[in-house]
Amino acid sequence: QVQLVESGGGLVQPGGSLRLSCAATGNIFAIYSMGWYRQAPGKQRELVATITYAGGVVNYADSVKGRFTISRDAAEKSVYLHMNSLKFEDAAVYYCQMRLKQLYQPEGDYWGQGTQVTISS
């Protein structure tokens, strides 16, 4: 059973920083990509950033470019999101996502439980 466990959300003032973490556990045969998505109240879930597992190729939503940095630790099967210069519009539930394959299972997308990021002065 694969689980993605997130941590690091919380309350921060505008202009502040937070670091989100997500670690995968379970019987994982291979990981292909990792990412972070977010969903604000009344809005659809949107992509924030992705990173390929092997080469570390990154992709960012335009709204976070230059402020957020995604990184991974392949040995720890973990992905991180460093968020700087946070704005009110960054407030959302942030979800970790990994595309991976369990042994004897087809590859698929797995999601963390979500962690709340609140921006308040």
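Colleague: Leaving aside neighbours within four places in sequence, which residues is Ile31 in contact with?

Modeller: This is a predicted model, in which local features need pLDDT of at least 70 and side-chain atom pairs count only at pLDDT 80 or more, while totals for chains, interfaces and linings use all residues. Residues are numbered from 1 along each chain as its sequence is written, and side-chain values use heavy atoms, with hydrogens and water left out. Contact means heavy atoms within 4.5 Å. With neighbours within four places set aside, the contacts of Ile31 are Tyr53, Lys77, Met98, Arg99 and Leu100.

Colleague: Is Ile31 buried or exposed?

Modeller: Ile31 belongs to strand β4; helices (H or I, at least four residues) and strands (E, at least two) are DSSP runs, numbered from the N terminus. The classes use relative accessible area with a 1.4 Å probe and protein chains only: under 20% is buried, over 50% is exposed, and in between is partly exposed. The relative accessibility of Ile31 is 8%, so Ile31 counts as buried.

Colleague: What is the relative accessible area of Arg99?

Modeller: Arg99 is one of the contacts of Ile31 and sits in strand β9. Beyond four places in sequence, Arg99 also touches residues including Tyr32, Glu107 and Asp109. Arg99 is partly exposed because its relative accessible area is 28%.

Colleague: Which strand holds Cys96, and how buried is Cys96?

Modeller: Cys96, too, has its place in β9. Setting aside neighbours within four places, Cys96 is in contact with residues among which are Cys22, Trp36, Val79 and Trp111. Ala23 is 73 residues from Cys96 in sequence, and their C-alpha atoms are 8.9 Å apart. The strand is therefore β9, and Cys96 is buried with a relative accessible area of 0%.

Colleague: What is the phi of Lys77 near?

Modeller: Lys77 is in the loop between β7 and β8, and with a relative accessible area of 28% it is partly exposed. Its phi is positive although Lys77 is a residue other than glycine. The value is near 55 degrees.

Colleague: What is the phi of Ser85?

Modeller: The loop between β8 and β9 holds Ser85. Ser85 counts as partly exposed because its relative accessibility is 41%. Ser85 is not a glycine, yet its phi is positive, at about 50 degrees.

Colleague: Is Ala75 buried or exposed?

Modeller: Ala75 lies in the loop between β7 and β8. Its C-alpha atom is 20 Å from that of Asp109, 34 residues away along the chain. A relative accessible area of 68% is why Ala75 counts as exposed.

Colleague: How many strands does the protein have?

Modeller: There are zero helices, and the pattern along the sequence is β-β-β-β-β-β-β-β-β-β-β. The number of strands is 11.

Colleague: What is the radius of gyration of the protein?

Modeller: The radius is taken over C-alpha atoms, and the globule rule is 2.2 Å times the number of residues to the power 0.38. The C-alpha trace spans about 50 × 25 × 25 Å along its principal axes. For 121 residues a compact globule would be near 14 Å, which agrees with the protein's value of 14 Å.

Colleague: What percentage of the residues of the protein count as buried?

Modeller: Among contacts with a separation of 6 or more, 54% come from residues 24 or more positions apart. Of the 121 residues, the buried part is 41%.
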